[in-house]
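I have a new structure open and my notebook beside it. Come along while I look up a few strands, helices and surface spots.

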Amino acid sequence: MAGGGGGGGGGGVSPLGPAPPMWYHRDLSRAAAEELLARAGRDGSFLVRDSESVNGAYALCVLFQKHVHTYRVLPDDEGFLAVQTSQGVQPKRFKTLPELVSLYLQPSQERKQLSATTGTTQMGRMRNTPTESTPAANGLSTISHEYLKGSYALDLEAVKQGASSLPHLNKTLVSSCKRLNGEVDKVLSGLEILSKVFDQQSAFMVSKMIQQSVNQGGDQELENLVTKLAILKDLLSSIEKKALKALQDMSLSSPCSLPPLSMRHSKAIPVQAFEVKLDVYLAELTKIGKSQKYTLSVDVEGGRLVVMKKVKDSQEDWTTFTHDKIRQLIKSQRVQNKLGIVFEKEKDKSQRKDFIFASAKKREAFCQLLQLMKNKHSNQDEPDMISIFIGTWNMGSVPAPKSQASWVLCRGLGKTLDEMTVTIPHDLYVFGSQENSVCDREWVESLRALLKEQTELDYKPIAVQTLWNIKIAVLVKPEHENRISHVGMSSVKTGIANTLGNKGAVGVSFMFNGTSFGFVNCHLTSGNEKIARRNQNYLDILRLLSLGDKQLSSFDISLRFTHLFWLGDLNYRLDMDIQEILNYINRKEFEPLLKVDQLNLEREKNKVFLRFGEEEISFPPTYRYERGSRDTYVWQKQKATGMRTNVPSWCDRILWKSYPETHIVCNSYGCTDDIVTSDHSPVFGTFEVGVTSQFVSKKGLPKSSEQAYIEFESIEAIVKTASRTKFFIEFYSTCLEEFKKSYENDSQSSDNVNFLRVGWSNKQLTTLKPLLSEVEYLQDQHLLLTVKSLDGYESYGECVLALKSMIGSTPQQFHTYLSHRGEETGNIRGLMRVRVPSERMGTRERLYEWISVDKDETGAPKGKSTLASRVGHEYVKPSAVRKQLGELEKSVRREKGASRRKLLLGLNRKEPTGIHPSARTATITPPTTSWRAFLISRPRSFSRASSISYLLKPPAGARTKPPFVASGPSHTRRPTTGHPVRAISEEGSSEDDGGACVAAAQGVNVGTTLNRPPPDFPPPPLPKGAVEMVAETPFSIHRALYPDLAEMAKTLSESEFSGHPPRAPSAPPLRGHPMGLNLDACRTFPPRNAITESIAEDMPEEALWGSSSSSLSVGESSVAEWLQRLGLERYEKGLLHNGWDDLEFLSDITEEDLEEAGVLDPAHKRILLESLRQQQPPK
């Protein structure tokens, strides 16, 4: 039996009583279960945990021949338990889980019968309802057959005793109608929205009836369904009449056309003027004499821009441009206060002028006003972009002050908005509070009054959720109220024993037209030293918060939404002496403090907030202030247990995570400096977010000849697991009618017992048919993938792909990370294409694509850029692109752990002009026809830590898209995300993998393509055993490599398992081994094979591509001689296998490292370590 006490991680009462058996681990994850069994290391070791795929079910995990096999234990309608069996095999039922396990432990015929029904990985293969048996011989369904066979007699007995109901029949009917119940809910939610549009009064009644029916449960479930069907009947029969009457009344009362929704009730924005200078080249200065002063006046309401310049004798010359004549705004990346404006002069002719603003903040305000003007006067019925305010504040259990204007107007410290734009209302306001003692209704009304005072708009609350004193409220502009649907709310307790709500999280989710949003407000465990507890709080919330589409239960909430925002008092502290912290704060030097911020450190280790983004912090720590002042930090607090030290820290944070290739920009991130009632300062952030509308095809549903297809050539995944079962992939998307499954993988291999490489050819992968075939619709869609096992139907990793980059006639490469429950579990890559018929290729420019970033200038701004790291079309001057190749040099870096040392290929070259540092690196592209991984070293000047990335090369026949070549005036699109430097990395796409290199070689003007991947998903690392080293070859400019990838490679690659690839055994018979743990003797599997290294400069290039046998190990003889001199040559093989193959690197070997290499004798460990201390290793 693996593991000790039951109960695992979560709180609450165990279903097996207050003292569960030692083999039961309640909330243990699949990965943790495999790790426990691996440590046990003996065949027959087992444990039971809760199933991740079915609520109320269990997973029985058994170790056999170094592989973990999983069997699902499922409850039936009567509460009996049975191990899932092959179709047609009658399972044996048990009243309790201990009864089932005790039979498994008994060496009897019964146990053999049990193992015969479960000992196959083929069970339930590829069925949507794997627990169903074959229909009964008399033609009745399984459910009816089970009732007539067993429960019928119980109901009969109850009637004989005078019962007036049939509880078992009721259960049977409820079970058989579960699917119908879900379908009715979907239809009702859609009709409810229509009711709100055409008949507000009856819509309120309908919503109330639906809510009442949903709240019913237990014995009333059947009545609940009947009630909902009645509501559905009434809605269908009356909705058309109500809609007709509403439209008739509207046409009579207002014969003239109504103004767009976006123009109603909004506060008038005054004309704003900006003093600027015309930016001209030196050659032009001689013609005009000196730099010209201009005034740019923006009339948002009138839809025009007036460009006025002063001439001699105080005369003025001006030109007026209407909103439709302003073609493009182009931000300079090097000069933060410079902006280019492209005006339409005549038909098909344009003129660009560059202006210098007083500050970067003024430039941003000007752009925001012009975007607002474009949006107001757009002929589109639905918005492309909305603005979101997010605020978080620990109120300190005291009421808020009368004035909180600075909070909602983003005034204070840090990155704030310009005064010209602070009063412009946002579309959504999200308020999160902790230690809020005010009742919900009073709090929400105070927020509405605050917004009314500042914006003159009556914002509508769409959701309020509370857990004790943790609250979240979402308010929306009145004009957007009918665009909100599918509102969901949830909460999770993470306080003492996970049962108290003093700590935990509340969440809200909804759809804004076609875009899904999630918001989580949390209050995590306090205390400087409780980092692990906070990390676990985060993981519990991620797993247990029930938000979003229920069909996406296989995915945690970080993948269920187009945009997820996470705010709150996260309580991560600074690991530094208090006096040093105060000195840095007084000098306003925040960078040294951010380096010891616990949240930043944990994110770099991939422990929490995997691939979330956070804007650069430029404001002082928000905790712990003296109440009534913002001048003094109070770092000592008297508690019942004694004096506690609370160093000043950035406890209050706002992070976010968005799907790849979506638009999100953080315009402000700071804190107030005048709200002093609490020991925390309120924190604010504002975001510009791209949204999609509910697309309506102008051409109707596609004919067979006009159908778009999503086709896969191949998929390969590497998952971190000791299991050797078969896998399949599930595909989810809002553009699909229902989720789809692949067949089981048709290739499988492993060079390491802790990793498994699985592959699917195109025969195993289904072709997906989107609901609509227009490219305008498809380019906004995303595909969610989850890799599941056939033995337990549990997920081993999930990811999300953007369809935009995959549209075309040739297959495009994708590669990204897999994650599960907030942890990285592997990577996945493949070839796919989205084939769109030519009749459906029409599209339009989005509002957020109207602003672009000019990257043509040499150099880059100092400090962290707040511009997006992912762009669309780039504006590139012809003179800016030129081929500059540096010399390739080799650097060797040692990593601790098994197989620590790898050959890194670095770059030491001049940077090509026009390429921002975030895009400076190179891709090694050898002449090979098979998939390869390349390990690239980021130049040290571009990273604080050495970073590693694995880049994947497509196989033969996989063509990549050509780069975008500007025709006419080149320009770039606006960045499509706002992740700052702290955003983790990028997802690869075919545009980056070779097209740019070809274009550069031909001397063409190159900008990155429209569909570059996001920073959310970096190129995935492969297990170290799979890495092939490469020599100097031609390369192309590639994207950024972020500092956390070295840690990523380490966490996904380090293992302590055998290097001899074991043959995957068939599933074992279920043989019990009620053993005690002997963790000292069996702490790990044997170490794996050593990774040999390629000596690139000493070998011809063709030899490097022949096979892995061309690699040579380094320094074996010196280690061998040293061990022979000590009489301990028996340990040579173990040390070499673990990467300790050079005396130069042995100086800092530890006892733990020696144990991993097989040196278990304490005396021998002392001899080896003493020898290393006494001699200087050779240089």
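I count two strands as paired if DSSP finds at least two bridges between them. My helices (H or I, at least four residues) and strands (E, at least two) are DSSP runs, numbered from the N terminus.

The model is predicted, so I ask for pLDDT of at least 70 for local features and 80 or more for side-chain atom pairs, while totals for chains, interfaces and linings use all residues. Residues are numbered from 1 along each chain as its sequence is written, and side-chain values use heavy atoms, with hydrogens and water left out.

**Entry: strand β6**

I looked up Leu-278 and found it opposite Phe-355 in β12. Strand β6 (residues 272–278) and β12 (residues 349–356) run antiparallel, joined by two bridges. With β7 (residues 293–299), β6 has six bridges, again antiparallel; here Ala-273 has Ser-297 as its bridge partner.

**Entry: the five-stranded sheet**

I traced an open sheet with mixed pairing in the order β1-β2-β3-β4-β5. β1 (24–25) and β5 (81–83) are its edges, each with a single partner strand, so one side of each has no neighbour in the sheet. β1 runs parallel to β2 (residues 46–50) with two bridges, and Tyr-24 is partnered with Val-48.

Helix α1 (residues 30–40) lies across β1, β2, β3 and β4, at about 165 degrees to β2. For such angles, axes are lines fitted to C-alpha atoms, for helices over the stretch in contact (heavy atoms within 4.5 Å), and the angles run from 0 to 180 degrees between N-to-C directions. Helix α2 (residues 97–105) lies across β1, β2, β3, β4 and β5, at about 160 degrees to β2.

β16 pairs with β17 (residues 470–476) in the antiparallel sense over seven bridges, and Gln-465 stands opposite Ile-472.
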